[in-house]
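Please keep the sequence and the 3D view open while reading.

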Amino acid sequence: MLRNIIGLLLALLILAGCGGSVGTGAEGAQPGSTAQATQTTAETTDSGPAEAQTVTGETYPNTLTVMSHDSFNLSTEVIAEFEKANNVKLQFLKAGDTGSALNRALLTRGNPLADVFFGVDNTFLSRALSADAFEPYAPQGLDQIPADLRLDPQDRLIPIDYGFVNLNYDKSSDLFKDQAQPEQLPLEDLTRPEFKGKVVVENPATSSPGLAFMLATVDYFGQEKWLDWWRQMKENGVVVVDGWETAYYTNFSGSSGQGPQPIVVSYATSPAAEVAFSEGKLTEPPTGNILPPKGSFRQIEFAGILKGTRNRALAEKWMDYMLSQRVQDDIMPQMVVYPVLPTAKIPEVYQQFAPVPQAPATLDPETIAQNRDTWIREWTEAVLR
Amino acid sequence: MKLETRNGDHRWRLAVRGSLALLRVALSGLPLIFFALFYFYPLAAILRLSFTSAEQSVAGMAALWRDSYYLRVLWFSVWQATLSTALTLAFGLPAAYVFARYQFRGKTLLRALATVPFVLPTVVVAAAFAALLGQNGLVNTALGGLLGRDAPLRLDNTLTLILIAHVFYNFTVVLRIVGGFWANLDPRIADAARVLGANRRRVWFEVTLPLLMPALGAAALLIFLFTFTAFGTILILGGPRFATVEVEIYRQAVDFFNLPIAGALSVLQIVATLALTIVYTRLQERASLPLDLRPQATLQRPVIGWRRRLLVGVVLGVMLVLLLAPLLALAYRSIALGGEWSLRFYRLLQQNQRSSYFFVPPLTAMRNSLMFASATTLLALLLGVPAAYLLTLRQRLLRAILDPLFILPLGTSAVTLGFGYIIALDEPPLNLRTSPLLVPLAHTLIALPFVVRAVLPVLRGIDPRLREAAAVQGAGPLRVLWEVDVPIVARAIVVGAVFAFTVSMGEFGATLLLYLPEYPTMPLVIYRFIGQPGLANYGQALAMSTLLMLVTALGFIAIERLRIGDIGEF
């Protein structure tokens, strides 16, 4: 039995050893060189910041740390180019969803975990700015960004991308057989009996698209009437779930989960993504957007340099890079949101099926900041209790 | 000459005893140091930050009392946890009995399968349940056809669904902790009672049940705490109308960044846990008796005769339906999604089609998960077994303090502790905020109560006369430990190891908060895929979930095969 214990310890040591020398073991069998390239970066954590290795396997003297929410993504080549050009190794820290990532940044103010933060959206903008956790910096190329996306006059947080939250519908549902223009369906109509139990939304208290859609309804119906609509929706059996994943895959009938509800709160890019992520099986989206004027909410995502960074010069370089053509071209294919740079390239499928909604709701971050918690509380009272 | 040898022998023994005492002190110190550094210190730091002023803390607490909403949340947490615990025990006990007392084929496999639910992310379980019990699910389609009605079962967002999920998740706690203890329990005590004229009922209530109490209590406590602080199952399966204290802490901390209220709720939850544990430990000490625990191979009977066949058949049948159906539904969908049978989603997992920087090959995710789980298992055993030994010491006061202490992490909110880690462990030598070590450390904290609770009832059940007899016959303390304690506790240690491994394989919340993209685990990869629209993403999430089930099941079998000690059933 002693042999068994020793065997166990040995096995664990070997496993632990694998951790140090990633890229030589299991994934040696992986096809393609990108996988290995990604792995090489993993090795660097052990070798420390002094001689950090990068995507291309070269060693660079400095490390720049970027903190973000989970959905941050870019191409391997785009990251490698920056590392090479600036003689720096990039390290990424992902810290949960938008809310928890930002709160982590705010809690570590003064002694930050990273140099740059990506992923504050306009619903959280005021919290981030009033906590005084970001340093002002106007990156190169900022003047090309449309003025209505730049919400911080002091340039502590810079817009990088944006997306729209609105209703998606299942084209195959009988509900839309006789609809002339489902794309223009007014939200008022959803309180009609034929839509009873047919709409699923996310809880604004726990979900970022849920909050965004709630904010759209505030603008759509006005601050006096929006709750009335939600009360009627409650009467009409609106289904509320905790987060987007459940709403889309478990409840929505248009997705691969094939749930019971043909209308869901999702993104304007979702129908196009259904085609893009169908492995060539689809040429047309099985779902569509419902986009009456003011029926969608624009979520803008910002990045900024964290106060207390020890790499200010490099952090500025990264901020410049985030607004460069190179990164902006990469945003739609990797993150499925619209780049802020007007000249950025959009893949064909998104051009075709995810045009930018023309008349989104407009609520400024100040109004959102002042009313956010109250609105969520009122919504909860009206819809859930 | 002769005298000198004896003298030397004696001196050697003294030295051994001395170093053993030192070793014991060092070993018992380890769990305490670990707790001080990785539990109390971060917790204190975040609470201090939440209550920056005395007024604020008073205001936070007062708000809890003023608003009856929070009391209702607390009440709901207690209520659903009580129901969940009772139901899980009701379903789990017959299975624990059958596994403890009968020999049948496929036992190891079945036991491994019963543990698999523990590691599955709630989002995935929700999808499996929807496929099975949802409005358009299999059961509803079948029932609807029979009854001629549309969707006769309406379980979405009901307490029933939460309870089913909790039984699904925690079944294995009863099966392993109670079953493991039961398997070594000498049936001759019950036989003796029967010979003396007691009927089955009386034997069960007056002999077997009291003897099982320590293990039963441990399992009940763990299930209660696990469901009392439930997060994902409540949010995702119960829908937004239900909230436990844990859910409310997350909302307050993350969505509103209202740290005073979140802090006050955390304190409330910890106090409730503490109170429960104190009551429990009091009862438990009275319940545990020295027992003649025996190797189980001698105690198990073959399944012969129609009565036994029927019993074993029914129990295993219920278990299969309850546990296996959702797992199979998942695995089936991962190969049948999109209309045709194929392994394409598994193949897709290996292709970095968009040449994304954050692409993770499946083998890498498996390796990371296994690495963290192995480290967690090792750490949890290294700390948990001495901790359990500490709790068998004679000093009552020490016991009374330590016993609830080792349970507390289960009653502590993951967000609170996660935030505590990043503000407390931010300076050298403990600047661990971006260290991959944080993941196994956090996992160990959650796994520790399971190890302690699995080992403790068995440890307390060891008849001290066994040790005395061994000592009288000349065995040194080390030998007594090795020949008496280890063989008897071995099975419980395996149970603890399985739980530590499982907790780590499936843990998601803490990993997400403390996460470095260099070391993505399998649950993180699942979440990444399920966070985007499109058939390929959903299919890959299902494929990765199926792989997670497989890897975990193989992991258990491996752990159980590494029989530590002579008692094993293989």
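The side chains of B:Arg202 and B:Glu206 meet in a salt bridge, with 3.3 Å from N to O; a salt bridge here is a side-chain nitrogen of Lys or Arg within 4 Å of a carboxyl oxygen of Asp or Glu. The model is predicted, so local features need pLDDT of at least 70 and side-chain atom pairs count only at pLDDT 80 or more, whereas totals for chains, interfaces and linings use all residues. Residues are numbered from 1 along each chain as its sequence is written, chains are lettered from A and ligands numbered from 1 in the order in which they are written, and side-chain values use heavy atoms, with hydrogens and water left out.

**Salt bridges within the chains**

B:Arg202 and B:Glu206 are four residues apart in helix α9 of chain B, and therefore about one helical turn separates them. In general, an α-helix has 3.6 residues a turn, so residues three or four places apart point the same way. Helices are DSSP runs of H or I with at least four residues, strands are runs of E with at least two, and both are numbered from the N terminus. B:Arg202 is partly exposed, at 47% relative accessible area, while B:Glu206, at 52%, counts as exposed; the terms are set with a 1.4 Å probe on protein chains only, buried being under 20% relative accessible area, exposed over 50%, and partly exposed in between.

Over all chains, the structure holds 20 salt bridges, and four of these pairs are set out here.

| Pair | Distance, N to O |
|---|---|
| B:Arg202 and B:Glu206 | 3.3 Å |
| B:Glu248 and B:Arg251 | 3.6 Å |
| A:Glu135 and A:Arg312 | 2.6 Å |
| B:Arg344 and A:Glu279 | 2.9 Å |

A:Glu135 lies in strand β6 (residues 134-135) of chain A and A:Arg312 in helix α10 (residues 312-322) of chain A, so their pair ties together parts that are 177 residues apart in sequence.

B:Glu248 and B:Arg251 are three residues apart in helix α11 of chain B, about one helical turn, and both are buried. Helix α11 (residues 245-255) of chain B is mostly covered, with 11 of its 11 residues buried, and just after this helix B:Phe257 takes a positive phi of about 55 degrees.

**Nonpolar cores**

A nonpolar core is a set of buried Ala, Val, Leu, Ile, Met, Phe, Trp, Tyr and Cys residues joined through side-chain atoms within 4.5 Å. The largest such core has 281 residues, of which A:Trp318, B:Ile177 and B:Met319 touch the most other members. Helix α9 (residues 200-228) of chain B gives the most to this core, with 16 residues. A second, separate core of 42 residues includes A:Tyr220, A:Trp230, A:Val265 and A:Ile290.

**Where the chains meet**

The contact, meaning heavy atoms within 4.5 Å, takes 88 residues from chain A and 72 residues from chain B. One salt bridge is counted between chain A and chain B, and the side chains of B:Arg344 and A:Glu279 meet in a salt bridge. On the side of chain A that touches chain B, helix α1 (residues 2-20) of chain A gives the most, with 10 residues.
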